[in-house]
Amino acid sequence: MKEFMMIFIGADYADLGLSPEELQNRMGKWFAWGEKMEKSGVLRGGNALTPDIRRVVGENRTVTDLTSAEVKEIVGGYYLVEAKDFDAVQGIAQDFPDYDLGGTVEIREVMVFDR
C-alpha cells in the first residue's frame, strides 16, 4: 500500500455566503466522509487550513500575506490516505463534499526516500 495526499482546492466558505444552516450541513458531510474513511481503515490524517496565506518567494524571500478574498481558489485542507494506487484514491474522493461548489481534489502520491 502507498500513501497519498488528497488536497482540497476551492473557494473559502466565508466568501460563498453560506447560511449557518448550509455551513452546518456541509460540515456534517465532511465529518461523515472522514468517519467513512476511518471505518474503512484508509485515513491516516488530515486537517483543514485557515484562509490566511503567507508566501515567501525567491532568492530575496519576498513575503506576501494574502487571504482567500485575494485569491480565486485556496487550498482548504488535506487528507492523507493509504491506498493501492491513484484509481483507488479517486474512488475514495468520489464522496468529496464540495464538488457541487466547484471544488477540486488533487491527488498526490507521497514520495518515500530510502535512507
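1. **Gly 46.** Gly 46 lies in strand S2. This is a predicted model. Gly 46 counts as partly exposed, since its relative accessible area is 29%. Leaving out residues up to four places away in sequence, Gly 46 touches Tyr 78 and Tyr 79. The C-alpha atom of Gly 46 is separated by 13 Å from that of Val 75, 29 residues apart along the chain.

2. **The nonpolar core.** The largest nonpolar core has 17 residues. Those that touch the most other members are Met 6, Phe 8, Trp 33, Met 37, Tyr 79, Val 81 and Ile 92. Two or more residues each come from strand S1 (2-10), helix H2 (20-40), strand S5 (74-83) and helix H3 (86-92).

3. **The largest pocket.** The volume of the largest pocket is about 500 Å³. Its lining has 24 residues, and the closest to the centre are Tyr 13, Trp 30, Ala 48, Gly 76 and Asp 98. S5 gives the largest share of the lining, 5 residues. At least two residues each are supplied by S1, helix H1 (13-16), H2, strand S2 (43-48) and S5. By class, the lining holds 16 nonpolar, 6 polar and 2 charged residues.

4. **Asp 98.** Asp 98 sits in the loop between H3 and strand S6 (104-109). Is Asp 98 buried or exposed? It is buried, with a relative accessible area of 10%, and the cut-off for buried is under 20%. Not counting residues up to four places away in sequence, Asp 98 touches Tyr 13, Arg 26, Trp 30 and Gly 103.

5. **Asp 98 and Arg 26.** These two form a salt bridge, with the closest N and O atoms 3.0 Å apart. Asp 98 is in the loop between H3 and S6 and Arg 26 is in helix H2, so the pair ties together parts 72 residues apart in sequence. Arg 26 is buried too, at 8% relative accessibility.

6. **Other salt bridges.** The structure holds 7 salt bridges. Glu 109 pairs with Lys 2, the closest N and O atoms being 4.0 Å apart. Glu 109 lies in strand S6 and Lys 2 in strand S1, so this pair ties together parts that are 107 residues apart in sequence. Glu 106 pairs with Arg 108 at 3.5 Å between the closest N and O atoms. Shared partners join Arg 26, Asp 98 and Asp 100 into one salt-bridge network.

Conventions:
Residues are numbered from 1 along each chain as its sequence is written. This is a predicted model: local features need pLDDT of at least 70, side-chain atom pairs count only at pLDDT 80 or more; totals for chains, interfaces and linings use all residues. Side-chain values use heavy atoms; hydrogens and water are left out. A nonpolar core is a set of buried Ala, Val, Leu, Ile, Met, Phe, Trp, Tyr and Cys residues joined through side-chain atoms within 4.5 Å. Buried means under 20% relative accessible area, exposed over 50%, partly exposed in between (1.4 Å probe, protein chains only). Helices (H or I, at least four residues) and strands (E, at least two) are DSSP runs, numbered from the N terminus. Contact means heavy atoms within 4.5 Å. On a 1 Å grid over the protein atoms alone, a cavity is a set of points where a 1.4 Å probe fits but cannot get out, and a pocket is an open set with protein on both sides within 12 Å along at least five of seven lines; lining residues have an atom within 4 Å of a point. Grid points are joined across faces, edges and corners, and a volume is the space filled by probe spheres set on the points. Ala, Val, Leu, Ile, Met, Phe, Trp, Tyr, Cys and Pro count as nonpolar, Asp, Glu, Lys and Arg as charged, and the others, Gly among them, as polar. A salt bridge is a side-chain nitrogen of Lys or Arg within 4 Å of a carboxyl oxygen of Asp or Glu.
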